Amino acid sequence: MQPHLNITEPSRAAATASSLKMEVRHLSVTYKTSRAVKAIDLPVYENRVLAIIGPSGCGKSTLLRALNRMNDLIPGARVEGEVLLDGENIYAPGQDVVDIRRRVGMVFQRPNPFPMSVYDNVAFGPRLLGLRKKSVLDEIVEQSLRSAALWEQVKDHLGQSGMALSGGQQQRLCIARTIAMEPEVILMDEPTSALDPMATLTIEDLIQRLKENYTIVIVTHNMQQAARISDFTAFLNMDSDRAGYLVEFGPTVDVFTNPKEKLTEDYITGRFG
Amino acid sequence: MPRTVLETELRNLKGEVLKQGQMVGDAMLAAIEALKHRDVEASRRIMAADRDINALRFEIERATLIVIATQQPLAHDLRLLASILDIAGELERMGDYAKGIAKINILMGDKPLLKPLIDLPRMAEIATDMLRQALVAFSNDDAETARAIPGRDDEVDALYNQIYRELMTFMIQDPKTIDQANYLLWAAHNVERTADRVTNICERTIFTATGEIVELA
Amino acid sequence: MSQSIYEHIDLRRHYRRRQRTNRIMLALTGLTVAVAVVPLVWITVYVLLQGGKYLTPDFFIHLPAPMGVAGGGVLHAIEGSAVMVLLASAIAIPLALLAAFYLLARPNTGLAHTLRFSTDMLAGTPSIVIGLFGYAVIVTVQKHFSAFAGGMVLAIIMLPVVLRSAEEMLKLVPPELREGALAMGAPEWLAALKVVLPAAAEGIITGVMLGIARAVGETAPLLFTALGNDHYEIGKIISAGLRYHQSPGKILGTIFAQPADALPLTLWKYAQQPYQERVHQAWAVAFVLMLFVLGLNIAARAWLAYRRRKMFTS
């Protein structure tokens, strides 16, 4: 019987004891004539953090955006395969894209607060869904800002423009904005790459707490960040035809201490040319 | 090729570990030689030299921690550094065994040997050879060889049993020999423990290369 | 320490030369700025001085007096300009904005390329030609000159100005802003209205200002469409309409159906007349035009600054 030390094992044990929130099945995304990603099979476990890593141009962002149909906005983008959310394919004809984007929210690399007050930023989503009563909106705004660890810093300045905040605060505002829609999955595209180290650690902390209530998928080019905050890691690489493919997927603990594929080992130890 | 700094550091650290192993092997053989010829001066020098082995161990440890802190090693690199820490510790204790044998030589005083030492030097030769092979395998990331080395420990154990029986016979026949016999038994025990620790080094080599923790008999 | 490749170069001489060149260039650019600014300042000051001499309060509230008679004002021109520019704005600005949003959302379709091309063509068309077009299409059909025709022609002239700068301003808005709204499930129009538009507001308002200033200053096209009307007085039209119990629609219709005068048109007419009185009044009109455009710009900037201050401090 292998003794399980409580220090590292919770990551592995917890990482496996969870249900499937989303599933990517044989997904290929093509822009006009060039394939961005091909034949990706990937599980996304509920209430866990999945990190997607890989060299530049390997299709990480494309894969992420495929999870909430943001690729639809790019003219000429074609999707083959399926992306299941709670068992249903989000690309099936007749699916409500607006609802999918509500359930699967997105936080971008550069913080993008809307040109309106902090309050209006967070209330944007709820108002979009039809909520109008001030008391209800007040409640949601406060709750979301608290969840994003921003409430204490802005509660007396809710009328201030969202763009007047610092970089780290702006990113947390964007997270609060996403949370206000009560999503089930939160996608993050290199959320801290534009932030200073302190802000980065604050956001990482936030992600650890958020995963209790949401499922999180994060694209990052910072290996140490992926190792620090994720439960599962997927390593994508660019093939000779310039399309991205999945090299390895597994619990983060395994991928970073004893990866199965040499390519993965070479990438994470920095031996990639 | 990227990570030249890390590569250089790892190469240096492995070199230092090999150096420490060399020092330990030499100390062991020298201690046995000194005991064979009852050279007390040599034994005193060996005991003093153990300080150098200990100092090297801590230097290796310090350097390893620095590499871990500054290079964010992962996967193979990380396992390698963890193994270096472990092996440096094993070698330091092996150095202590050699020191112990030297001390025994001094404690035994002026009395002549009960019998010329044959099996004990033989044990030491095998053990130090195992050590040398194990460190080379570690340096080359050679799990295959590492798996094969612990087999020779049987030979060492066999020799130990033989020495044990011989010394027991001496002690039973002539109680005046108990003092020296005890010391010699203790010396043999130290050599036997050295060979056992070499097995640990082999296990570490396999872990570094494959990520598996195996128990080698 | 190996020899530096810079050792045998006299760095100090090069530095001095660079400094000299720098100073010459600064002087030159300063000079060109002065050359550019001087006419602007000169015109403004001259017009304000000359026009100010002949300005009276009557000017703004009275219709013109008969020729040769002293006094009178340019109320007709003020109201005419106002009505036509308002009509032009009401048509051109929303159209231009809608077109600009379309170009933002679908920048590479055939329609987009056609739109950009025709806008550029329109912008380059002489305004008198556009006036002629308005004559042919509206005046001949209506069988009379009207403020409506004038307003429509001004709209055509305003459109490319506003559209071009609106498109540029919208392009400057970081795409993540629009994407962020769309990623939250907002439909395209809402993202455009509530997120992209406010972000581009400052620039778009500048574009709108430019368009309005252009419309206010156009003279040639109005010659064939609005013609001119010394008796244009909205107040009279409205009170007459109320007296005869006309519907608001009919009143509005009457306002637009009259031929009308515009400030620049009046200026042109008066400047040519032999009566000194009229010439003086022409100067006064120039003053009013200048003041209007200046005032519009300043008001817009002040409002934007106020808005920005309110949002960024709290």
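Which residues does A:Ile100 touch, not counting residues up to four places away in sequence? They are A:Asn68, A:Arg69, A:Ile90 and A:Gln95. Before I go on, please keep in mind that this is a predicted model.

A:Ile100 sits in helix α3 of chain A, which covers residues 97-103. Is A:Ile100 buried or exposed? A:Ile100 is buried, because 20 other C-beta atoms lie within 10 Å, and the cut-off for buried is 20 or more. One distance for orientation: A:Val83 is 17 residues away along the chain, and its C-alpha atom is 11 Å from that of A:Ile100.

Now chain A as a whole. Chain A contains 11 helices and 10 strands. Along the principal axes, its C-alpha atoms fill a box of roughly 55 × 50 × 35 Å. The radius of gyration of chain A is 19 Å, which agrees with the value near 19 Å for a compact globule of 273 residues. Of those 273 residues in chain A, 46% are buried. If we take contacts in chain A between residues at least 6 apart in sequence, 69% of them join residues at least 24 apart.

The dimensions of chain C come next. The C-alpha trace of chain C spans about 100 × 55 × 45 Å along its principal axes. A compact globule of 314 residues would have a radius of gyration near 20 Å, whereas chain C has 26 Å. Chain C is divided into domain 1, residues 1-43, and domain 2, residues 54-312. The C-alpha centres of these two domains of chain C are 45 Å apart. As for burial, 34% of the 314 residues of chain C count as buried. For contacts in chain C between residues at least 6 apart in sequence, the share that joins residues at least 24 apart is 77%.

Helix α6 of chain C, residues 147-172, packs against helix α8 of chain C, residues 188-217, at an angle of about 155° with the axes 8 Å apart. That angle makes α6(C) roughly antiparallel to α8(C), since the cut-off for that term is over 145 degrees. The crossing of α6(C) and α8(C) is right-handed. On the α6(C) side, the contact includes C:Leu154, C:Ile157, C:Met158, C:Val161 and C:Val162. On the α8(C) side, the residues include C:Gly203, C:Gly207 and C:Gly211. An α-helix has 3.6 residues a turn, so residues three or four places apart point the same way.

The other place is helix α10 of chain C, residues 234-243. This helix is hardly covered, with one buried residue among its 10. Just after α10(C), C:His245 takes a positive phi of about 55°.

Now to chain B, where I have two helix pairs. Helix α1 of chain B, residues 4-37, and helix α2 of chain B, residues 40-71, pack at about 165° with their axes 10 Å apart. α1(B) and α2(B) are therefore roughly antiparallel, and α1(B) passes α2(B) in a left-handed crossing.

In the other pair, helix α6 of chain B, residues 153-173, packs with helix α7 of chain B, residues 178-210, at about 170°, again with a stated axis distance of 10 Å. α6(B) and α7(B) are therefore roughly antiparallel to each other as well. Among the residues that meet here are B:Tyr160, B:Ile163, B:Tyr164 and B:Leu167 in α6(B), and B:Leu184, B:Leu185 and B:Ala188 in α7(B).

Last, how the chains meet. Which chains share the most contacts? Of the two pairs of chains in contact, that is chains A and C. Their contact takes 18 residues from chain C and 25 residues from chain A. On the chain C side, the elements that give two or more residues are α7 (175-183), α8 and α13 (276-312) of chain C. The most comes from α7(C), with seven residues. Chain B and chain C do not touch, and their nearest C-alpha atoms are 25 Å apart.

Definitions and conventions. Residues are numbered from 1 along each chain as its sequence is written. Chains are lettered from A and ligands numbered from 1 in the order in which they are written. This is a predicted model: local features need pLDDT of at least 70, side-chain atom pairs count only at pLDDT 80 or more; totals for chains, interfaces and linings use all residues. Domain bounds come from an automatic or database domain assignment. Helices (H or I, at least four residues) and strands (E, at least two) are DSSP runs, numbered from the N terminus. The radius of gyration is taken over C-alpha atoms; the globule rule is 2.2 Å times the number of residues to the power 0.38. A residue is buried if 20 or more other C-beta atoms lie within 10 Å of its own, exposed if 12 or fewer, and partly exposed in between; C-beta atoms are placed from the backbone. Two residues are in contact if their C-beta atoms, placed from the backbone, lie within 7 Å. Axes are lines fitted to C-alpha atoms, for helices over the stretch in contact, and angles run from 0 to 180 degrees between N-to-C directions. Angles under 35 degrees count as roughly parallel, over 145 as roughly antiparallel, 65 to 115 as roughly perpendicular and the rest as oblique. A crossing is left-handed if the near helix is turned anticlockwise from the far one by less than a right angle, and right-handed if clockwise.
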